[in-house]
Amino acid sequence: MDPVPWREAWHEALYAVSRGFYVTRGGPAAHFTTAAHGATGARLARALLALPDHPVRVVVDVGAGRGELATHLVDAMDPTSPGGTRTPQTTRVVAVDVVDRPAGLDRRVEWLRSPGGAGLPPELTGLSDALVIAHEWLDVVPCTVAEVDADGTAREVLVDPDTGAESLGAPLSGQDRQWADAHWPTTSPGDRIEVGRARDEAWTDLVSRVDSGTLVAVDYGHTATGRPAGGTLTAYANGQLTTPVPDGSCDLTAHVAVDTLDADVVRPQREALQALGLTGATPPHALAGADPLAYLAGLEHASTEAQLLHRDGFGGFWWAVKRVRGHDVT
Ligand SMILES: C[S@@+](CC[C@H](N)C(=O)[O-])C[C@H]1O[C@@H](n2cnc3c(N)ncnc32)[C@H](O)[C@@H]1O
């Protein structure tokens, strides 16, 4: 096949209706584990619900997989569930992903089908008193990939969709070039640049759908002081790292330039969660004798929090938080 720009091949490989990885190969949980799953997902949901400093009438999860985090969110809002929050029970939870509503999804979760990548559904608009979560969405929004040639010129990387073989195309130009010059300048031969413009624009589009509320993007990422010279484009299939071939057989992901997103606060997850009260602290030993079951539950709770806070694990993710104030809010 003729080589095409990575961004194009990547979009087709993940979101093409007939063969896209996320459309045809089962949910992300069939291929890899994220913090949104299991015990960490339950704790994360409670932390996310504690983030907004305003009433929340709708919670939206963009890039919802098959509704794992959304289900934890409705559970966390149930006052009868252990650790349930005080978010009003009338609050809606809407999950958004690129497939039809999954069979067996908790009926309390509403579902919206999305085009995928940078595209969002038209119905997702006019959100008021909203908490919008994008957990590991932006890293799968395809972006332009460039590489610096032997003369120091950044050129777009092209890829053969069948084999993954790469070649260099035209020099970066236009808005991609402007983004690279401003945020990821390099002339060292062999350096790669993952142009964050597509993620910035996708995020700005999501922000524009909110009339009032809080948005949070949680993702692998980097900032200006630590751009990864070799790039981060990576593929996963069936729980394994694999060679990035944009043929629909694997997930394709690249870390997000989080500092170029339109956000009020950008910080590592461990700091964001510590500010929300997570400590990972184990219960006092004295509890083991006094109430062994409570001690065991405390240990489990501490271990879940520790996973979310771990510097080299989920704690190393970034949170980009944007607050949209409605006209009537001062
Ligand atoms: C890496 S997975 C993360 C899933 C889940 N949020 C989690 O953390 O476990 C990325 C998900 O984003 C979805 N996705 C990609 N682009 C999307 C879009 N424009 N709208 C909704 N979902 C999207 C994919 O289909 C996939 O399910």
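**Figure 1. The shell of residues around the ligand in the predicted model.** The residues of this shell divide into 9 nonpolar, 9 polar and 2 charged, in a structure that is a predicted model. In total, 20 residues surround the ligand. The closest of them are T34, G63, D97, G119 and H135.

Figure 2. In the side chain of H135, an N or O atom is 2.7 Å from an oxygen atom of the ligand. H135 is also listed among the closest residues of the surroundings. For H37, the corresponding distance between a side-chain N or O atom and an oxygen atom of the ligand is 3.4 Å.

Figure 3. A nitrogen atom of the ligand lies 3.3 Å from a polar side-chain atom of W137. The ligand taken alone exposes 600 Å², and the protein buries 99% of that area. The site that holds the ligand is the largest pocket.

Figure 4. The protein contains 9 helices and 17 strands. Its radius of gyration is 21 Å, close to the 20 Å that the globule rule gives for 330 residues, so the protein is as compact as a globular protein of that length. The C-alpha trace of the protein spans about 70 × 45 × 40 Å along its principal axes.

Key
Residues numbered from 1 in each chain as written. Predicted model: local features only at pLDDT ≥ 70, side-chain atom pairs only at ≥ 80, totals over all residues. Heavy atoms only, no water. Near = heavy atom within 4 Å. Polar contact = N/O pair within 3.5 Å; in protein donor to acceptor, adjacent residues only side chain to side chain. Areas by Shrake-Rupley, 256 points an atom, 1.4 Å probe, with all protein chains shown as cover. 1 Å grid on protein atoms, 1.4 Å probe; cavity = no way out; pocket = protein on both sides within 12 Å on 5 of 7 lines; lining within 4 Å. Sits in = over half its atoms within 2 Å of the grid points. Nonpolar A, V, L, I, M, F, W, Y, C, P; charged D, E, K, R; others polar. Helix = DSSP H or I, 4+ residues; strand = E, 2+ residues; numbered from the N terminus. Rg over C-alpha atoms; globule rule 2.2 N^0.38 Å.
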